[in-house]
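Subject: Structure handover

Hello,

Please find the structure below. My notes on what was found in it follow.

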Amino acid sequence: MSGESSLFKRGWETVVYYGSGEWLLVQNGSNGGALILLRSLVVAIELTCISLLLRNLIDPDLTDQVSWTAFRTQLIEIAPWFAAATGAVYAALYARFSAQWSYLAGLYNQIKQAELEMYNASPASAEGLKRLAEWKAGYIEDAQSLHLHAKENVAAVVHHWGKNPLVAEAFANTTPGGSERWSSLQRSALIAYEKAAKRYSQES
């Protein structure tokens, strides 16, 4: 029974992974408005194809063989629904993106406030610095999990905090994937950081 449950779970996760367009997010590595729009179109196209298939299988009035003319007619009929579906999926994905962005920004502000209070109160203790490094490592892990670590301003934070050996050690010791994940993450952040720095230098 447990084997069947595990197989069903993996199958369902695969359906959700491809059906929601999450594979685009994983391949791209960085979430944002353009990717949200692309995922919305992909999901809307998938829903449209499923709707057309079910209609042609279930509707008793559609007894003739499917023709190109009939197919184009059905596409025209379903166009308003496609537009509505795209808009609904975009709104849902963007709302999720905004919530994730707000969470990460709030977490960053909390860390900076704690860091400021630590240095203002007294000379920072070794234990305090260690706990702060663990907090920063958690921020970096969350940034990668939310596919935001390669966003311009987040990449700058990940890059600069990543130079701290205590943060690298905390990440390696507490995060699944450890050192290998850290190396890959820092490479992605460095590329995004240098790209942003180069663009700003050209604009100035």
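Leaving aside neighbours within four places in sequence, H159 is in contact with Q186, A189, L190 and Y193, where contact means heavy atoms within 4.5 Å. This is a predicted model, in which local features need pLDDT of at least 70 and side-chain atom pairs count only at pLDDT 80 or more, while totals for chains, interfaces and linings use all residues. Residues are numbered from 1 along each chain as its sequence is written, and side-chain values use heavy atoms, with hydrogens and water left out.

H159 is found in helix 6; helices here are DSSP runs of H or I with at least four residues, numbered from the N terminus. At 13% relative accessibility, H159 counts as buried (buried means under 20% relative accessible area, exposed over 50%, and partly exposed in between, with a 1.4 Å probe and protein chains only).

Two packed helices are described by the angle between their axes and the distance between the axes. Helix 6 and helix 8 pack at an angle of about 120°, with their axes 8 Å apart. That makes helix 6 oblique to helix 8. Axes are lines fitted to C-alpha atoms, for helices over the stretch in contact, and angles run from 0 to 180 degrees between N-to-C directions. Angles under 35 degrees count as roughly parallel, over 145 as roughly antiparallel, 65 to 115 as roughly perpendicular, and the rest as oblique.

On the helix 6 side the contact is made by E152, A155, A156, V158, H159 and H160. On the helix 8 side the residues are L185, Q186, A189, L190, A192, Y193, A196, R199 and Y200. By class, the contact of helix 6 with helix 8 has ten nonpolar, three polar and two charged residues (Ala, Val, Leu, Ile, Met, Phe, Trp, Tyr, Cys and Pro count as nonpolar, Asp, Glu, Lys and Arg as charged, and the others, Gly among them, as polar).

**Other partners of helix 8**

The axes of helix 7 and helix 8 come within 7 Å and cross at roughly 130°. That makes helix 7 oblique to helix 8. Here V167, A168, F171 and A172 in helix 7 meet G178, S179, R181, W182 and L185 in helix 8. By class, this contact of helix 7 with helix 8 has six nonpolar, two polar and one charged residues.

For helix 5 and helix 8, the axes come within 11 Å and cross at roughly 70°. That makes helix 5 roughly perpendicular to helix 8. I140, E141, Q144 and S145 of helix 5 and R181, W182 and L185 of helix 8 make the contact. The classes in the contact of helix 5 with helix 8 are three nonpolar, two polar and two charged residues.

P176 has its place in the loop between helix 7 and helix 8. P176 is exposed, with a relative accessible area of 57%. Not counting residues up to four places away in sequence, P176 touches E141 and R181. The C-alpha atoms of P176 and A34 are 142 residues apart along the chain and are separated by 30 Å.

**The loop between helix 5 and helix 6**

H147 is found in the loop between helix 5 and helix 6. At 15% relative accessibility, H147 counts as buried. Most residues other than glycine have a negative phi. H147 has a positive phi of about 60° although it is not a glycine.

L148 is found in that loop between helix 5 and helix 6 too. L148 is buried, with a relative accessible area of 0%. Outside four places in sequence, L148 touches N31, F97, Q100, W101, L104, A143 and V154. L148 and N56 are 92 residues apart in sequence and 42 Å apart in space, C-alpha to C-alpha.

Q100 is found in helix 4 (residues 68-121). At 15% relative accessibility, Q100 counts as buried. With residues up to four places away in sequence not counted, Q100 touches N31, L146 and L148.

**The largest nonpolar core**

The largest nonpolar core has 28 residues, and those with the most contacts inside it are Y139 and I140. A nonpolar core is a set of buried Ala, Val, Leu, Ile, Met, Phe, Trp, Tyr and Cys residues joined through side-chain atoms within 4.5 Å. The elements that give two or more residues to this core are helix 3 (33-58), helix 4, helix 5 (126-145), helix 6 (152-161), helix 7 (165-174) and helix 8 (178-203). Y139 touches L104, L107, Y108, I111, V154, V157 and W161, not counting residues up to four places away in sequence.

Regards
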